[in-house]
Amino acid sequence: NSLIHWIQLSSNMDIIIYLTLGLLLYYFGMILWFIAGNLFSDSKGNSKDTPAISVIIAIRNGEKSLPNLIENLSAQDYLGEVEFILVDDESTDSTGKIIQEISATDKRFIIENSSNGNPSLSHKKRALDAGINGAKNEWLLFTDVDCRLDSGWVAGMASYFEDDVDYVVGYSEVDRGKKWVTRFQALDFLMLMIAARGTTNSGRAWASTGQNQAYRKSLFNSVGGFTQIAKELQGDDSLFLQICRNYKSANILFADKPSCRTISRQETSWFSFFKQRMRWAGDANLMWKFNPVFFLSILVTFLLPLLLLVTLFAGLFYNPYYLTTFTKFFSIHLIIEFILYFVGIRQFNKQIQVLDFAFWFIIHIPYIVCMGIGSFFANQL
């Protein structure tokens with residue numbers, strides 16, 4: 001019986017090894033695509049036009065961050081017409097009062113309420129819908145209340161608003177900080193932005209972030225707004241991007257000029273960071289409806305580290321041979337990711353952080369597995 005059990009276990013592990021190898025090859029091809037999109041792309045963001053822009057921010061209980069946001073928006077040096085629509089999304093703090101005060105002194109600021117949004121929508125999307133409905137301009141620009149903005153943010157994003165462009169994916173980053181959680185968050189978010197830039201520049205945009213994006217109001221209306229993702233927790237960025245790609249073949253650009261970058265909020269504890277990423281991961285479970293290839297890549301990204309962990313444990317507790325196999329796969333995976341990281345930081349003019357990368361990569365393997373499982377519970381957060 002022991003011999004039969006050993007043979008069966010060995011046979012199952014061989015299947016896992018071959019499957020892991022196949023996933024690694026697929027992943028390698030995907031990373032090469034990201035790299036190519038980052039290296040071989042035409043220069044963009046050369047428009048000299050100054051179209052009228054509506055900046056829309058949905059805010060729920062943002063009294064702590066709102067004064068900084070208002071200061072950043074007030075300091076924008078954009079030469080064209082701009083309005084700042086601040087949507088109070090059922091806040092229970094002084095958010096509404098703060099917006100009313102600034103709108104009374106600066107007519108560029110407009111107060112809106114999420115109750116004016118489409119009642120079939122839920123969460124943040126209803127607030128954004130209210131802001132979009134009230135916007136008087138064609139170009140809509142979005143960020144979050146917790147983001148910090150350079151004075152050239154609006155002007156920088158506007159330089160990508162050309163006649164044949166429908167959607168602009170903006171670059172956002174997190175300050176590295178001193179805590180290991182913020183260093184992990186900063187590098188992880190950077191890798192997501194590198195991948196987003198690569199796919200967008202290749203003409204097959206996969207992802208965007210609500211912290212920095214823009215699109216035409218006419219595009220929003222022509223695809224039915226957020227109605228296709230009305231009940232989802234997230235979806236106002238990457239899922240909506242896929243809707244625009246599928247139904248209107250939207251022309252999408254990636255904006256990476258330093259002036260139009262936004263700095264996002266740090267999550268200073270592992271608990272708050274994991275909660276945030278689990279909410280983000282909830283979109284992944286729906287991606288098959290809008291982009292099957294992207295969903296397959298998400299699935300591979302989850303299964304690869306899962307099988308790497310299985311191989312590691314098999315090597316530690318069953319047969320040292322699998323530990324050697326794990327080491328080989330781990331090393332190849334490391335090299336692939338580091339090449340993408342190296343290419344990306346050169347495009348974004350960032351400094352290389354070898355220690356941060358090593359820490360991120362080691363933690364990233366169990367982290368991806370946890371996020372994949374946690375995505376099924378995103379709606380309960």
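Q: Leaving aside its neighbours within four places in sequence, which residues is Phe361 in contact with?
A: Contact means heavy atoms within 4.5 Å. Phe361 touches Phe330, His333, Leu334 and Glu337 in that sense. This is a predicted model, where local features need pLDDT of at least 70, side-chain atom pairs count only at pLDDT 80 or more, and totals for chains, interfaces and linings use all residues. Residues are numbered from 1 along each chain as its sequence is written, and side-chain values use heavy atoms, with hydrogens and water left out.

Q: In which helix does Phe361 lie?
A: Helices (H or I, at least four residues) and strands (E, at least two) are DSSP runs, numbered from the N terminus. Phe361 lies in helix 12, residues 354-374.

Q: Is Phe361 buried or exposed?
A: Buried means under 20% relative accessible area, exposed over 50%, and partly exposed in between, with a 1.4 Å probe and protein chains only. Phe361 has a relative accessible area of 2%, so Phe361 is buried.

Q: Which way do the side chains of strand 1 point?
A: In a regular strand, side chains alternate between the two faces of the sheet. Here Ile53, Val55, Ile57 and Ile59 point one way. Ser54, Ile56 and Ala58 point the other way. All are buried.

Q: Why is strand 1 largely enclosed by the rest of the structure?
A: Strand 1 covers residues 53-59, and seven of its seven residues are buried, so the rest of the structure largely encloses it.

Q: How many bridges join strand 1 to strand 2?
A: Two strands pair if DSSP finds at least two bridges between them. Seven bridges join strand 1 to strand 2, residues 82-88, and the two run parallel. Look at Ile59: it stands opposite Asp88 in strand 2.

Q: How does the chain cross from strand 1 to strand 2?
A: A crossover is right-handed if, with the strands pointing away from the viewer, the path from the first strand over the helix to the second runs clockwise. In this model the chain passes through helix 2, residues 66-74, and the β-α-β crossover is right-handed.

Q: What is the order of the open sheet of three strands?
A: The order is 5-10-7, with mixed pairing. Strand 5 (148-149) and strand 7 (172-174) stand at the edges, each with a single partner strand, so one side of each has no neighbour in the sheet.
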